[in-house]
Amino acid sequence: MNIVFERTKGLVDRPMHYCSGCSHGIVHRLVAESLVELSLLGKTVHVAPVGCAVMAYDYFNTDAVQAAHGRAPAVATGLKRANPESFVFTYQGDGDLAAIGAAEMLHAAARGENITIIFVNNAIYGMTGGQMAPTTLPGQVTHTTPYGRDISQAGHPIRVCELLATLEGAAYLERVTVDTVKNINAAKKGIKKAFETQIAKKGFSLIEIVGICPTNWGLNVQESIDWLQKNLLTYYPLGVYKDKTGGA
């Protein structure tokens, strides 16, 4: 019998803890497949965040380091500078990256650190129960914004790719999503492009994946996909926001 589909060697053979319908499982597989296809498994160190992906070290078949909340880019910087021939990526959510970790993200990009950030943006704090995140949309209901995010009090959502695109040290920035087969394939292409940017020593790269959180959005999976397509992708348009790789 011919094998037409199997678990990628980039993932450990164990069940994941993510909620049903969560985008993290798909993103994990895309990252893992990309590591295998680029022959990076044996030289990779990934940095796990604090958030829903806090136990990413249990799933990726690579070496790993657990960072304090928001400090993954700083830890990744140290790992890469100590061993420049290693391949280093962080895996972070919107709270870890764009709230407590905003300074680490910005300055790693400004310095042009040769690391890659995988950033999953589902516009809400998942692990801690559904509070407003830096990427929560205006009017979006969360546990801490029961009447919807009021920008007069909470400010505007942060568009990470657009923000980082203003920094000279950023080499490759792209926003993707995983709501359809077509977009999943495009997301994998973007992840590989970001990884290739690091391999070519071009500098800082980040892939933002707009995802869903059915549990904390209070919707089923199909409703969550519909809401993402109607609302999130309007505020966070897909596309390449910076490419200084010169065909890397």
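Modeller: A search of the whole structure finds 13 salt bridges, where a salt bridge is a side-chain nitrogen of Lys or Arg within 4 Å of a carboxyl oxygen of Asp or Glu. The model is a predicted one, in which local features need pLDDT of at least 70 and side-chain atom pairs count only at pLDDT 80 or more, whereas totals for chains, interfaces and linings use all residues. Residues are numbered from 1 along each chain as its sequence is written, and side-chain values use heavy atoms, with hydrogens and water left out.

Side chains of opposite charge can pair when their charged atoms come close.

Arg71 and Glu104 meet through their side chains at 3.3 Å, N to O. Arg71 lies in the loop between β2 (63-66) and α2 (72-82) and Glu104 in helix α4 (residues 102-111), so this bridge ties together parts that are 33 residues apart in sequence. Arg71 counts as partly exposed because its relative accessibility is 32%, while Glu104, with a relative accessible area of 19%, is buried.

The side chains of Arg175 and Glu162 form another salt bridge, at 2.6 Å, N to O. This pair links distant parts of the chain, with Arg175 in strand β5 and Glu162 in helix α6 (residues 160-164), 13 residues apart. Arg175 has a relative accessible area of 1% and is therefore buried, whereas Glu162, at 24%, counts as partly exposed.

Some of these elements also contribute to the nonpolar interior. A nonpolar core is a set of buried Ala, Val, Leu, Ile, Met, Phe, Trp, Tyr and Cys residues joined through side-chain atoms within 4.5 Å. The largest one has 29 residues, and those with the most contacts inside it are Val31, Phe60, Phe89, Tyr91, Ile118, Phe195 and Ile207. Helix α1 (24-37) and strand β5 (170-177) are among the elements that each supply at least two residues of this core, and α1 gives the most, with five residues. Ile118, leaving aside its neighbours within four places in sequence, is in contact (heavy atoms within 4.5 Å) with residues including Val27, Val31, Phe195 and Ile207. Apart from this core lies another, of 21 residues, among them Ala76, Ala108, Val160 and Cys161.

As for the chain as a whole, it has nine helices and seven strands, and 51% of its 248 residues count as buried. Among contacts between residues at least 6 apart in sequence, 69% join residues at least 24 apart. Along its principal axes, the C-alpha trace spans about 50 × 50 × 30 Å.

Methods:
Buried means under 20% relative accessible area, exposed over 50%, partly exposed in between (1.4 Å probe, protein chains only). Helices (H or I, at least four residues) and strands (E, at least two) are DSSP runs, numbered from the N terminus.
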